[in-house]
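Hello,

Here is the structure I promised to pass on to you. Have a look at it first, and then read on for what turned up in it.

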Amino acid sequence: MSTPAPGTVPTAATAPPAAALPVADPAATRRYAWQVLRTHRGGVAAAAVVLLVGAFAGLVPVWLIGRMVDAVAADAAPSRLWWSAAALVAALVGATALAAVARLLVARTFEHALADLRERTVHAALHVPPAQVERAGTGDLVARVSGDVDVLRTAVSQVLPAVCGAGATILLTVGGLAGLDWRFAVAVLTAVPLQVWGVRAFGRRAGPVFRAERAAAADRTHQVLEAVTAADTIRALGTSDAHERRVERASLRAVDRTVEGLRVQLAFAHRLHAGELVGLGAVLVVGYWLVGAGAATVGAATTAALLVHRLFDPVGILLSQVDDLQRAQAALARVVGVLPADGPAGDTPDAAPGTTDARAAVAGTTVAGTTVAGTHAPTTDAGTIDVRGVTFAYDPDRPVLHAVDLHVAAGEVVALVGASGAGKSTLARLVTGAVAPTAGTVLVDGAPAGSPRAATAVAAVTQEVHVFAGTLADDLRLARPDADDARLRDALTLVGADWVDDLPEGLRTAVGAGGLPLSPDRAQQVALARLALTDARVVVLDEATAEAGSGAARTLDVAARRVLAGRTALVVVHRLDQAARADRIALLDAGRVVATGTHDELLAGCEPYARLWSAWHRGRAS
Ligand SMILES: Nc1ncnc2c1ncn2[C@@H]1O[C@H](COP(=O)(O)OP(=O)(O)OP(=O)(O)O)[C@@H](O)[C@H]1O
């Protein structure tokens, strides 16, 4: 079987345009599979024993048929035939029962391993650094958690039991042939070169082809997800046609890869059938010759022919499932690629998923393109935000932030203002660790943004507020699982969400998908209430714009001020009256911080801010 060289997938021709999430190299994938076998060795051993006994029982009827043929040829007493027939039925029933038990044992053993893998994959998926998911596209992650794990489930429940059973049957059948006469075994082995050739040719091509197929499917999922989740924006921008074309191109790429996979499978099947033809022909010729020479009975030759015929099915199963095993291997490599590096039995929830580089790139401090380990901060940095010389580019050729320096002292509220596209949200995302700087350093609470310590210190409300499906209480408890109802109500009161009393079942009302829909303003209040429940010392607010002067805007302003009390905050300001109330304002222009100061200072001494302020006032008045 071919094994992929590290770093060869996805190829430029087949990969999604984004930088895909890591794929484990063959050695790491094998190590993981080996650890699974060791963890479940009891079940594996029991299944192997039952499989072998079952395969042996399956040989008995064929041997008995040969004896019955000889008995008929020798005009033996009918009672001998009856006894043989009874033994034949008993062996058939026993073999069938044992095969079923073995299948059950294999499936059960590996279903446990799979359940473990699924849990760990979901856990790892939730811990993949956002910056990495951003680069790879959500579709890749979704495809690994769902599609790839499903491929493995099929492999475990169907392919593995079939392959193990077939392997045991082949071994014992060839042994049985040799037991009849070694020349039968040699004859059947003439099929092997053709089949080995088929398997090798398949192995060479199948790995890359199936990995390309999975990568193309991931890209298609990504494009479809993006089109569906951003449907409103796409409609608003009038770019539906362009998006449809992207989805279509991704679908066509996926279809091409699937067809290529089918071609590889068909070529493989042809070579297998050629092997069967040669093997059976050789055994029949040898049988004819041995019987003629008096070296074997007609019964033995019959048994040999039946054994060879019986061999076709398991060989077919074994070889035809090679592609499923290849597919499963490719899926396992993709799943193991996002798992923490401690193997199946370990439990290190915060370990870095995939390559350690992946997390290091986010957790570490990037200096002139070099990633170095983050260091512990002196305690004086507690609750501060420190942005030093940060440059950031979504697209390598087009930086959107240039050498940004900004320090936010503990307990200070700094408002980010600037024209649309100036880079405010991007700077906020760097502080939350959702994206990593291209150059420079972002420290939160003294630790690199995105590192576990910074992630504990910071909490954010972004423009895309999500209401999780479940009761309102469940949603709020995501921020503080041990909070009692009274504490949840306090948080809601703090953000002015008195509407909770009007809900049909109060805190127990189901909200989110499938539940009561919450208006954007209410959803934002819930997000602020979640924030109030956390112990985050540093808060990043990049809320969606509510119309200035509206009741909703006032309520949300008051809620935000209350939640921010006593915390350090970086607030992306969409209404300039919010900025006026901040301790300090940082004015961004085309990715650069061009001025910082209080509202009054900037109004008096910063021309661009004064212009922005009066433009905003004119806009409100009109
Ligand atoms: N995910 C992304 N991928 C590529 N480019 C992006 C992405 N997000 C933002 N940009 C680009 O980066 C630049 C800065 O965007 P950003 O959203 O940070 O600005 P902003 O000041 O917050 O704007 P607004 O007030 O309109 O939200 C813009 O040119 C924007 O088009």
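For "transmembrane region", the unreviewed UniProt entry lists residues 44–66, 81–106, 159–178 and 277–308. UniProt positions follow the numbering used here, feature names are shortened, and annotations may be inferred rather than shown by experiment. Over residues 159–178 the chain is 100% helix and 0% strand, with 28 Å between the end C-alpha atoms. Residues 277–308 are 84% helix and 0% strand, and there the end C-alpha atoms lie 11 Å apart. Helices (H or I, at least four residues) and strands (E, at least two) are DSSP runs, numbered from the N terminus.

Two notes before you go further. This is a predicted model, in which local features need pLDDT of at least 70 and side-chain atom pairs count only at pLDDT 80 or more, while totals for chains, interfaces and linings use all residues. Residues are numbered from 1 along each chain as its sequence is written.

Val188 touches Val174, Leu177, Gly279, Ala282, Val283, Val308 and Leu311, not counting residues up to four places away in sequence. Two residues are in contact if their C-beta atoms, placed from the backbone, lie within 7 Å.

Gly198 sits in helix α7 (residues 191–229) and counts as buried because it has 21 C-beta neighbours inside 10 Å. Leaving aside neighbours within four places in sequence, Gly198 is in contact with Phe268, Arg271, Leu272, Gly275 and Leu319. Gly198 and Leu319 are 121 residues apart in sequence, yet 9.0 Å apart in space, C-alpha to C-alpha.

Strand β12 (residues 568–572) is mostly covered, with five of its five residues buried. Thr568, Leu570 and Val572 point one way from β12, and Ala569 and Val571 the other way. β12 pairs in the parallel sense with strand β5 (residues 413–418) over four bridges, where Leu416 stands opposite Val572. Strand β11 (residues 538–541) also pairs with β12 in the parallel sense over four bridges, and Val540 stands opposite Leu570. Strands pair if DSSP finds at least two bridges between them.

Ala403, in strand β4 (residues 398–408), has a positive phi near 40° although not a glycine. Ala403 counts as partly exposed because it has 14 C-beta neighbours inside 10 Å. Asp445, in the loop between β6 (439–444) and β7 (447–448), has a positive phi of about 60°. Asp445 counts as buried, with 24 C-beta neighbours inside 10 Å.

Best wishes

Key: A residue is buried if 20 or more other C-beta atoms lie within 10 Å of its own, exposed if 12 or fewer, and partly exposed in between; C-beta atoms are placed from the backbone.
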